[in-house]
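Keep the structure open as you read.

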Amino acid sequence: MADLSILAIPSPAAAPYFGWDLVRDVQELFRYAFMQHAFEAGTVVALTAGVIGYFVVLRGLSFAAHGLSHIGFAGATGAVLLGLQPIVGLLAFTMSAGAVMGALGQRLRGRDVTIGLVMAWSLGLGLLFTALYKGSASRAIGILFGQVFGITGQEVAVTSTAAVLTLLALVLAYRPLLFTTLDEQVAEAKGVPVRGLSIAFMVILAVAVSEAVQVVGVLLIFALIVAPAAIAERVTARPIHGIMVSAVLAVLFTWAGLTVAYYVPYPVGFFITTIAFGSYVVARLLTYLAARRTARPRGWREAQVRHSP
Amino acid sequence: MARSASLSIVAEGLTAAYGDRLVWQDASFGVNRGEFVAVLGPNGGGKSTLFRLILGLLSPAAGSLVVLGRRPQRGNPAIGYVPQRRDIDPDLSIRGRDFVHLGVDGSQWGVAIGRSILDARERVDRAIDAVQARAYADRPIGRLSGGEQQRLLLAQALAGEPEMLLLDEPLASLDLRNQNVIAELVASLAQAKGFTVLLIAHDINPLLPIVDRVLYVAHGGLAIGKPDEVITTERLSRLYDAPIEVLHDSHGHRFVVGLEAESAHHDG
């Protein structure tokens, strides 16, 4: 049986301080280098995931993004087998799969069965690569569930570079991307390169997914890419606000998860996904209640008007 | 060419085809600047294909087409286009205003900065006011009624400050009252700004008071003329190559009888 202890912090901090002194709390959190790196990588990854997630949700690509991360698992384990860094295989597999998905464009919608089958097969392939690799299975577990407490300073630099490039690409493509996302037919007539943007977006998404895998792993990617954006979409109808809310939520989920995981000896992935899921449930509940409160009086007034002479 | 200066569309021997599949052929017609033309004909007859040609999304299989003095080119800012009514996801959490905004600068790269943000906002406001949609422009577009959505999509086309409007079935799936309201709105905008309008419709009756000419696209050919000239038993029977009868009611409305069976036969 694989050792799951790698998912929590490496060695329990000796009775870490936790109390009302916020300054001391923060000092405590950043006492160790591994915590600093976790916060640095977690923040840039969450920012990217939150921003791109807004487009993922708007374009109806949540499942495709999830599938992409599973394909990345096969790539990452394959890279380990070949003696390469997992991120190399992760990027190679997700980017090529993303390009194919992007070329399919709108035809990707409703391909749940195909995506699901490729997902399952990728996990199976990853399992084979893990078995062939005679070392410990802990690397595979780390890829599946994230290994944010094992990130080195160099990896933080690589992740940050990737994040900056991803965000720059999104800023550059912002308006045409929004146009094709909301109104593909008109965008095409207006000269927007619809197909090229579709491919480019999926490749950018592949990079963002590969980054996020470091923090939450292949299986829990929904928590960072989809959940914040899905909540943002419920609370605002303005694209710019939606993107900002989504990014802020993703960062908050990550910070909260990392903080809790520092004090409680359970996997950080569990905390981040639980916070994300809980927030989504609360957001749905609040928007449902708000909709009911505004819908009822209006319906009542309309009925009054209609019946009055 | 003095003749083409007053014409916004000139087609000569124009033929439309998707690969080997011929849609219609050898059409020659002109549309005057500022003219309001209703495009009629059976489903699958090639009405939207005509729009694709004008927009430069499809190249002519034969013949020539000149639009606003140039060969059609994708991304022509002088053309405002409203495609056939798209089913907007009722859960889509995007304001109508943001949809309209796409018509201003949606195809430009990067994000808007500085003065252009205010300019764009002003143009969006003007377009929304032009279709009288201010009251609901800030609500999520998915939750608006069909007529309200249609107004905002029209505003999106207007926001690009076009010279020509191509409207693909803007009246479909609207109730009778809204059909008349939208038709009159388009007509008054076209008159005020001098737009050339091509509007695809199924039913000519809401458009009869406002159209200059009708363009029939059917059975591999096109016919253009005043409603009185084209929507007649003889012309349509000849165009469809089938017995068609045009009936008039006491309000001057026209009813084309025999088309339903024809198009059913055609589609099947």
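The contact draws 22 residues from chain A and 20 residues from chain B, where two residues are in contact if their C-beta atoms, placed from the backbone, lie within 7 Å. A quick word on what you're looking at: this is a predicted model, with local features needing pLDDT of at least 70, side-chain atom pairs counting only at pLDDT 80 or more, and totals for chains, interfaces and linings using all residues. Residues are numbered from 1 along each chain as its sequence is written, while chains are lettered from A and ligands numbered from 1 in the order in which they are written.

Now move over to chain B, which holds an open sheet of six strands, in the order E5-E6-E7-E3-E8-E9 with mixed pairing. Strands are DSSP runs of E with at least two residues, helices are runs of H or I with at least four, and both are numbered from the N terminus; two strands pair if DSSP finds at least two bridges between them. Strands E5 (79-82) and E9 (221-225) of chain B sit at the edges with a single partner strand each, so one side of each has no neighbour in the sheet.

Look next at E6 (residues 164-168) and E7 (residues 196-200) of chain B, which run parallel over five bridges. Here B:Asp168 stands opposite B:Ile200 in E7(B). Helix H5 (residues 146-159) of chain B packs on the sheet, touching E5 and E6 of chain B. The direction of H5 makes about 160° with that of E5(B), with axes fitted as lines to C-alpha atoms (for helices, over the stretch in contact) and angles running from 0 to 180 degrees between N-to-C directions.
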